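Dear colleague,

I am passing on the structure we spoke about, and below it you will find my notes on what turned up when I went through it. Please read them with the structure open beside you.

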Amino acid sequence: MSAMMVPLSAYVGLSAILFFTGLLGVLIRRNFIIVLMSVEIMLNAANINLVAFSHYLESMAGQLAALFVIAIAAGEAAVGLAIIIVVFRGKISTNVDQINVLKW
Amino acid sequence: MIYLLFGYFATVSIIAGVMTVALKNPVHCGLGLLTLLLHVAGLFVLLNAEFLFAVQIIVYAGAILVLYLFVLMLLSLKTEEQYLHRKYVWIIFGGVGILGELLILILQSPYGGAKGDATAEVLLTTGPSHAVGITMFSDYLLLFEIVGVFLLGAIIGAIVLAKPPAAIDPEPE
């Protein structure tokens with residue numbers, strides 16, 4: 001079985017690449033909705049990591065953590081999109097540079 | 001064979017992630033995210049997590065992504081000329097540098113640790129959803145209840161936020 005397994009470092013490396021893709025998306029994109037999508041990419045990278053370690057260490061804890069991460073991501077998406085709708089109604093813009101009412 | 005599948009899923013998910021971040025039209029970004037989510041679900045199958053594979057497709061690709069696309073089409077955004085940060089070249093440069101160093105460390109380090117009792121043979125005899133259910137409702141019961149309360153709070157918060165403001169405070173005449 002161990003001869004046919006992809007090494008764990010491949011999964012961790014893939015997860016690191018996806019996490020940095022999402023992080024760069026949060027930093028460079030100006031559209032609020034795309035920023036939220038990039039956060040979803042980062043959460044997925046964390047999920048790959050959790051499930052890979054769960055498989056290689058033969059424990060269910062990682063899979064359960066990934067399941068809870070998915071639940072939290074659903075809540076985050078709902079609240080984030082509601083905030084976007086409120087902001088868009090007031091300012092007709094989803095550019096994160098123009099959303100600065102709370103800044104002082 | 002498993003190397004081939006891993007290579008396919010990994011390559012396509014990285015390409016889809018880059019497309020999600022880099023494409024100009026927000027709807028195209030949403031479709032890139034959909035591709036990414038489906039291929040990450042394929043990786044879960046390779047890792048013996050069939051229950052998470054189903055949850056990923058139903059919850060992520062089925063519910064969350066549809067929510068994103070709905071809001072995108074509801075707002076009908078104009079695509080702006082300046083859709084990236086002004087100094088994005090420097091940010092990408094720094095990010096890729098840090099990522100390269102991190103990858104060198106990751107590929108060199110040894111991995112090990114205490115093994116649990118959920119071996120592949122056990123999972124094959126009882127089934128993946130059985131194992132997930134038994135673990136969730138014994139060791140993680142409190143966490144499960146907390147997530148339930150959290151989701152209720154998120155639903156109420158989203159409804160209260162998205163309600164039109166005229167209903168909250170009527171104009172005094």
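Chain B of this predicted model has an average pLDDT of 86, and 91% of its residues score at least 70. Within chain B, the confidence is highest in helix 2 of chain B, with a mean of 93, and lowest in helix 8 of chain B (residues 165-168), where the mean is 59. For the complex, the predictor reports an ipTM of 0.89 together with a pTM of 0.87.

Chain B is split into domain 1, covering 1-109, and domain 2, covering 119-164, and the C-alpha centres of these two domains of chain B are 24 Å apart. Four residues from domain 1 of chain B and five residues from domain 2 of chain B make up the contact; on the side of domain 1 of chain B that touches domain 2 of chain B, two residues are nonpolar, one is polar and one is charged.

Two backbone angles also deserve a look. B:Asn48, which is not a glycine, has a positive phi near 65°, and this residue sits in the loop between helix 2 (26-46) and helix 3 (50-75) of chain B. B:Asn48 counts as buried because it has 20 C-beta neighbours inside 10 Å, and 20 or more are required for that class.

In chain A, A:Glu58 likewise has a positive phi, of about 55°, without being a glycine, and A:Glu58 lies in the loop between helix 2 (32-56) and helix 3 (61-91) of chain A. A:Glu58 has 17 C-beta neighbours inside 10 Å and therefore counts as partly exposed.

With best wishes

Definitions and conventions: Residues are numbered from 1 along each chain as its sequence is written. Chains are lettered from A and ligands numbered from 1 in the order in which they are written. This is a predicted model: local features need pLDDT of at least 70, side-chain atom pairs count only at pLDDT 80 or more; totals for chains, interfaces and linings use all residues. Helices (H or I, at least four residues) and strands (E, at least two) are DSSP runs, numbered from the N terminus. A residue is buried if 20 or more other C-beta atoms lie within 10 Å of its own, exposed if 12 or fewer, and partly exposed in between; C-beta atoms are placed from the backbone. pLDDT is the predictor's confidence in each residue, from 0 to 100. Domain bounds come from an automatic or database domain assignment. Two residues are in contact if their C-beta atoms, placed from the backbone, lie within 7 Å. Ala, Val, Leu, Ile, Met, Phe, Trp, Tyr, Cys and Pro count as nonpolar, Asp, Glu, Lys and Arg as charged, and the others, Gly among them, as polar.
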